[in-house]
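This report concerns a ligand and the pocket around it. Please examine the structure below before reading on.

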Amino acid sequence: MGKVLAFVSGKGGTGKTSLCAGIATCLAAMGKRVLCVDLDVGLRNLDIALGMTEEAVLPFDCLMREECSSSALSDHPRIPNLYLLTAPVNTLPEEVDADAFCAMVLRERENFDFILLDAPAGIGVLFRLCINCASEVVVVTGGDKATLRDGARAAQMIGDKPARILVNRLDPKLFRRLGETVDDIMDEVSLPLLGLVPEDRNVPLSAYGGKPLVLCSRKGAASAVLRVSRRLCDLPAPLKRK
Ligand SMILES: Nc1ncnc2c1ncn2[C@@H]1O[C@H](COP(=O)(O)OP(=O)(O)OP(=O)(O)O)[C@@H](O)[C@H]1O
Ligand SMILES: [Mg+2]
């Protein structure tokens with residue numbers, strides 16, 4: 001039975017899609033079968049972050065209505081074991097059938113080691129749907145106090161699902177002073193820490209070039225995302241590369 005990870009945030013633009021794509025790529029490169037689902041109905045962009053804009057990617061409602069099976073999904077052009085279901089274009093968030101979506105996720109847990117749900121920003125219907133289907137929630141925030149507080153508020157809406165916080169776009173200077181950073185973060189939020197990812201221009205550059213982050217760089221955000229992926233597989237990974 002695969003793990004289902006929901007990437008959520010309070011505020012938009014914290015890096016859910018970028019980190020979901022980066023982690024999915026690493027997990028697949030580690031030999032796991034990974035299915036990514038873009039839930040940003042109307043504003044989908046996970047295909048860009050994964051470098052799959054040229055592939056014929058199925059929308060999730062096709063699998064949800066059992067009009068096709070996961071064996072029909074297109075392979076990632078560069079990374080085996082990595083698959084994407086995109087968000088339908090002409091559907092409103094409140095039109096997504098929550099029961100049918102969760103039933104689809106439950107069925108596909110038999111076929112994949114990890115299912116990664118890329119939620120839209122905020123705490124609306126699709127946020128709740130992601131939480132309901134998830135086996136673990138990943139709250140993506142920035143490292144400044146205001147964004148951390150916002151992440152903590154999103155965390156309060158999660159209920160009793162296991163959840164960890166993933167702090168993105170940390171100032172590289174702060175990233176070097178990790179001890180203090182972790183202390184500050186723990187003061188601000190009441191969730192265990194999944195990882196810290198530094199600000200790194202390779203994140204937008206890789207999406208712009210249509211190439212997954214870990215195929216563009218081995219340092220900075222790419223290295224942090226790889227360590228987060230190892231933690232998600234219950235493998236040891238220090239907060240910072242030695
Ligand atoms: N670690 C990082 N370093 C530099 N830029 C980053 C980093 N993480 C994300 N970004 C950039 O921040 C922007 C927003 O990222 P992304 O689309 O992943 O956020 P999101 O949380 O999915 O947004 P939304 O809430 O709109 O879905 C993008 O331009 C992305 O390239
Ligand atoms: Mg997004």
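The sections below treat the ligand contacts, the surrounding shell and the pocket in a predicted model.

## Contacts of ligand 1

Ligand 1 has 17 residues around it, and those that come nearest are Lys 16, Thr 17, Ser 18, Asn 168 and Arg 169. On the backbone side, a polar atom of Pro 198 lies 3.1 Å from a nitrogen atom of ligand 1.

Taken alone, ligand 1 exposes 630 Å², of which the protein buries 79%.

## Shell around the ligand

Two or more shell residues come from each of α1 (16-29), β6 (163-170) and α9 (202-208). The largest contribution is that of α1, with three residues. By class, the shell holds eight polar, five charged and four nonpolar residues.

## The largest pocket

Ligand 1 takes up the space of the largest pocket. The volume of this pocket is about 500 Å³. Its lining comprises 28 residues, with Gly 15, Lys 16, Thr 17, Ser 18 and Val 203 closest to the centre.

The elements that supply two or more lining residues are α1, α2 (46-50), β6 and α9. Here too α1 gives the most, with six residues. The lining is made up of twelve nonpolar, ten polar and six charged residues.

How values were computed: Residues numbered from 1 in each chain as written. Chains lettered and ligands numbered in written order. Predicted model: local features only at pLDDT ≥ 70, side-chain atom pairs only at ≥ 80, totals over all residues. Heavy atoms only, no water. Near = heavy atom within 4 Å. Polar contact = N/O pair within 3.5 Å; in protein donor to acceptor, adjacent residues only side chain to side chain. Areas by Shrake-Rupley, 256 points an atom, 1.4 Å probe, with all protein chains shown as cover. 1 Å grid on protein atoms, 1.4 Å probe; cavity = no way out; pocket = protein on both sides within 12 Å on 5 of 7 lines; lining within 4 Å. Sits in = over half its atoms within 2 Å of the grid points. Helix = DSSP H or I, 4+ residues; strand = E, 2+ residues; numbered from the N terminus. Nonpolar A, V, L, I, M, F, W, Y, C, P; charged D, E, K, R; others polar. Points joined across faces, edges and corners; volume = space filled by probe spheres on them.
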